[in-house]
Amino acid sequence: MDVDLQCRCGKIKGQIKQVSPSAVKQLVCYCEDCRKFALHLQSEGGSINQYGGSELYLAAPAKVEIIEGKQQLACLRLTRKGIYRWYSQCCNTPIANTVGIKLPLVTVYQDFVAAEQTSALQSHVEDLGAVNEDEALKPLPKPLLGASPRITKFKLIVKLLSWKLTGKGKPNPFFENSGRAKVKPLILKS
């Protein structure tokens, strides 16, 4: 199953290709940086849940494609060495987070999933649970935690190593083959 992606105004469109429980994982990140990103975009209502978490889909870069509106892509980093946070400059929709070309990781924001495809996507992925749960705005109920944090992190590391070893880090929709970001990121703090 392929899942359509689009920003709120529809200028940027993409896909996550061949979605399955082994290929795409769902997780919620409760880190303060995700909240700062949402606040910067002034989109906190949609991209942050009541506990301060961002709902994300973890996918190999080779599975994610931007089909239309590449000229509307924007990027920021909260610090010079921070992760790359991608969004649409046309309507400030959070799109994805990446670390760089060497680590095959794309976490796609639920906000970027076409609304009519959200429930279909959720039924075709494995839910990993929470990461950075210690930074949540208030204590998380047990059902939201999912597996223990150690098990979640272990599964993430195994998945990333698997993608690295099988070459699923390329092509990367956000980086040139040279490793340079396709859009120069705005750095919020030096």
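In which order do the three strands of the open sheet stand? The order is β1-β2-β5, and the pairing is antiparallel. Strands here are DSSP runs (E, at least two residues) and helices likewise (H or I, at least four), numbered from the N terminus; two strands pair if DSSP finds at least two bridges between them. This is a predicted model, in which local features need pLDDT of at least 70, side-chain atom pairs count only at pLDDT 80 or more, and totals for chains, interfaces and linings use all residues. Residues are numbered from 1 along each chain as its sequence is written, and side-chain values use heavy atoms, without hydrogens and water.

Q6 is found opposite K13 in β2.

The largest pocket holds about 510 Å³ of space. A pocket is an open set of points on a 1 Å grid over the protein atoms alone, with protein on both sides within 12 Å along at least five of seven lines; lining residues have an atom within 4 Å of a point. A volume is the space filled by probe spheres set on the points, which are joined across faces, edges and corners. Of its 24 lining residues, C29, L105, V131, N132 and L156 are the closest to the centre. Helix α5 gives the largest share of this lining, four residues.

The second largest pocket has a volume of about 210 Å³. Its lining has 15 residues, and I66, K70, N172, P173 and K182 lie nearest the centre. Here the largest share, three residues, comes from β5.

Terms used: On a 1 Å grid over the protein atoms alone, a cavity is a set of points where a 1.4 Å probe fits but cannot get out, and a pocket is an open set with protein on both sides within 12 Å along at least five of seven lines; lining residues have an atom within 4 Å of a point.
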